[in-house]
Number of protein chains: 2
Amino acid sequence: MHVHLRDGKMMDLVTPTVKQGGVSVCYVMPNLVPPITTIEQVIEYKKQLESLSPSTTFLMSFYLSKDLSPELVAQAADKKAITGIKCYPAGVTTNSSAGVDPNDFTPFYPIFEVMQLKGLVLNLHGEKPPSDNDDIHVLNAEIKFLPALIKLHKDFPKLKIILEHCTTKEAIQTIRDINKGKSSSEDITVGATITAHHLWLIIDNWAGNPINFCKPVAKLPQDRSALVEAATSGQPWFFFGSDSAPHPIETKSRHEGCCAGVYTQLHAIAYVAEVFDKHGKLENLKKFVSTNPLAFYQVVDEQIKSKDTVKLVKNVNEIPKVLGNSGEINVVPFKAGQSLNWSVEWN
Amino acid sequence: MHVHLRDGKMMDLVTPTVKQGGVSVCYVMPNLVPPITTIEQVIEYKKQLESLSPSTTFLMSFYLSKDLSPELVAQAADKKAITGIKCYPAGVTTNSSAGVDPNDFTPFYPIFEVMQLKGLVLNLHGEKPPSDNDDIHVLNAEIKFLPALIKLHKDFPKLKIILEHCTTKEAIQTIRDINKGKSSSEDITVGATITAHHLWLIIDNWAGNPINFCKPVAKLPQDRSALVEAATSGQPWFFFGSDSAPHPIETKSRHEGCCAGVYTQLHAIAYVAEVFDKHGKLENLKKFVSTNPLAFYQVVDEQIKSKDTVKLVKNVNEIPKVLGNSGEINVVPFKAGQSLNWSVEWN
C-alpha cells in the first residue's frame, strides 16, 4: 500500500514487478517531477501504469501542496480519481522539495476537512526535517514527528491517517496507544505501514552500504524488533507498505551522495514471508499484506481489476544482482544476489 | 597523532600531504596488509615514508596481534623502532581482520607489562564488534567498549593508553573521570584523540554520503558538541589525531558497500582551526594539535627531524574535488570542493 513506480523508463521497468512480487492492489506514490496535483495528471499516470500491467489495481494519490484546493480534492474524490493524498515534509526524501512544513499543518486543514468528509486517506511521511537548532537528525526525526500525528488525529478524529514506513518503537507504541480499546474496523482511523526492508535492516546495514540506505533510515535492533512484533501481530492497524523506491544504479554509486530508497517490489511478499516464517508467524502474513490494508482502505470488490489469487510457495528464490531493461536503466534490488526461502505463484 | 599512510601508490600520494596539511610529527598506523608486526617491517616502512617526506617525523607502531611476543616488543622499544602499539578489535574497520577480541585482553597482558615498563603507548580503536545478541551496533559500539578501557587502566595504571578517534559524549566523560584531579603531565596516562572530521560531522552527514562514512561513525549533535568542547578546552588529555584514512575513489563509490575512512591530511590543521575559530577558541588550537600530544607521547627534541615551524594564516583555502597522482589513484578529500577560512604556511 505504498509503492514508487516513477515515470519514463523506470516506470516501464518496475511497474510489472508489482504483480511479479505477489501484489495485486497497490497504492501509488505521487512524487514525480512535477508532483501529481491535478486530476488530469492522475488519470494520465494511471492509464500509463495500467497499460504496463493491466491486471494490477492501481490506487492513486495526490501530492499535498499549496497547488491543491479543497474544491479540487472534493472533485477528485467524487470522480474516484484518487484514494488519498500523500504528505511529504519539505526536503526529507526523494522529490520532496515541494512538500509541506510539518510544524504547521493548519494551512491544509480545509483540505483535511474535505478528505475526512469524502473518506480519503492522508498518508504521512512522518519525519521532521533535520535541524541543528532543534536537535533533529535522521535517528529522531520520526519520534519528533509523532506529536504532530497525535494532534492531527485529535483535530480530525474521523480522517483516515497512515503513518507511512514507520521505523521506531516509539511510532509503534503511538499507533497502539491511539487504537487502544478499538475493536470494530470502522473505528480504526489511524494505521501505520511497515516496509519489507525495515523488517530486515538496522543502522549497521546501511552504514557504508548505499543499497540499504533509505529515508526514514533503519534504526536500532530494538526498533526492528518492535516492527517485526507489530507486523506479525495481526493487529489491524499495522499493514504492509513496501515503500519500494527504485533508483538507477548510478545514483546509488556516488561517493558524494547517493539517493535514498530501497527497491523491493520484485520480491515484496517473499521478503516479508521470510521474516514471518523466521518468527513462526506465517499464519498472520495474509492479515499484514492483504486483509488489514484492504480493510483500512475500504477497497471494494468492483475496484479490483483482477480476481487472480497468489500462493506462497516454499522454494529457493534467487534475487538477481540487478534488474534492468536493455541496458538503459539498472536497479539493484534489496538483498541482491542472495536467496530467499519463499516465492509466489499466481493462479 | 594517528594517520593512515597506507603503502604503494597511495603512500606515495598521501605521505607528502602530512607536511602540506601543517603537521611535522605524526604517528603512523600499522594496518597494512599484512599488518606491521616485525622490527624489519617497521624499519623498512619508516624508510619508505622518510624518503617521501624527509622533514616529517614519523613515529611508528606495531599492530597488536598474536604475532607479537613480550620479547619482540621489548626489543623494538629498546631499539626505538616503535613508539606504541595499535589495538584493533577484529572486524570493526579497514584491515582489522587480524585484530584482537576486545572482550578479553588478558592474552595480551604480558605484552602490556612490557609496554608499561618501556613507556610504549597503547592505541585503542575503542569499539566492540557488532553483535545482534549483545545489542551492539555502530552507535553504541564505543560506549560498550568504555568499561574495557577503564579495566585496562585499572590493571595497568602506568601504561599510556589512548582512546583513539573518540566520538561520543560518554567517551569524553570517561576520559575526564579517569583524569580527575590530575595536574602534572606525568600523572596523565590515559588520553583520547579527536579527529578533524568528527568535529564537523553528525550521522546525517554520512547517511547516504560515502565520503563522510568512517568508523567509528559520527554520532549525534550532542556528541559532536561534547567533542568540540573537549578539543577546544585545552585539557591535556585531549589532543588531535586525524585518523586520516584515504581510500581510492572507486571504493567510495560502490553501491554494494563502500570503505570506511575520511581523508583529511592535506588540510588537517585548517579543518581544526576553522572549528576552533567558530567557537572563539583559537588560543587553544596549539595545545590541541601540538603541545598536548607531544607531551603525552613524551616526544623529545632529538626525535624531531625538522625544526621548521608552521603558521596559521587567514585566507581562502580551496579544498580540491580530488587528490590524485597521474590518474593512477584518486582520493576525495573531506569537504571536497568547499573552502575553508584558514590555511598553513611553513617558515
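**View 1. The rotation axis that relates chain A and chain B.** Copies are superposed by least squares on the C-alpha atoms of residues with pLDDT of at least 70 in both, a threshold that applies here because this is a predicted model. On that basis chain B can be laid on chain A by a turn of 180 degrees and a shift of 0.0 Å along the axis, with an RMSD of 0.0 Å, which is the relation of a two-fold axis. Among the residues of chain B, S253(B) comes closest to this rotation axis, its C-alpha lying at 2.4 Å.

**View 2. The contact between chain B and chain A.** The contact draws 29 residues from chain B and 29 residues from chain A, and about 2,300 Å² is buried between the two chains, 64% of it on carbon and sulfur atoms. Across this interface 10 residue pairs are found in polar contact, with both residues at pLDDT 80 or more, and the helices α8 (203–206) and α9 (221–232) of chain B each supply at least two residues of the side that touches chain A.

**View 3. A salt bridge across the interface.** Chain B and chain A share 2 salt bridges, one of which joins D132(B) to R224(A), with the closest N and O atoms 3.3 Å apart.

**View 4. The open sheet of chain A.** Six strands, in the order β3-β4-β5-β6-β7-β8, make up an open sheet with parallel pairing. The edges are held by β3 (61–63) and β8 (238–240) of chain A, each with a single partner strand, so one side of each is left without a neighbour in the sheet. From one strand to the next the twist averages 30 degrees.

**View 5. The pairing of β5 and β6 in chain A.** Strand β5 (residues 121–124) and strand β6 (residues 160–163) of chain A pair in the parallel sense over 4 bridges, and L122(A) stands opposite I161(A) in β6(A).

Technical notes
Residues numbered from 1 in each chain as written. Chains lettered and ligands numbered in written order. Predicted model: local features only at pLDDT ≥ 70, side-chain atom pairs only at ≥ 80, totals over all residues. Heavy atoms only, no water. Pairing = 2+ DSSP bridges. Axes fitted to C-alpha atoms, helices over the stretch in contact; angles between N-to-C directions. Contact = heavy atoms within 4.5 Å. Buried area = accessible area lost by both parts, 1.4 Å probe. Salt bridge = Lys/Arg side-chain N within 4 Å of Asp/Glu carboxyl O. Polar contact = N/O pair within 3.5 Å; in protein donor to acceptor, adjacent residues only side chain to side chain.
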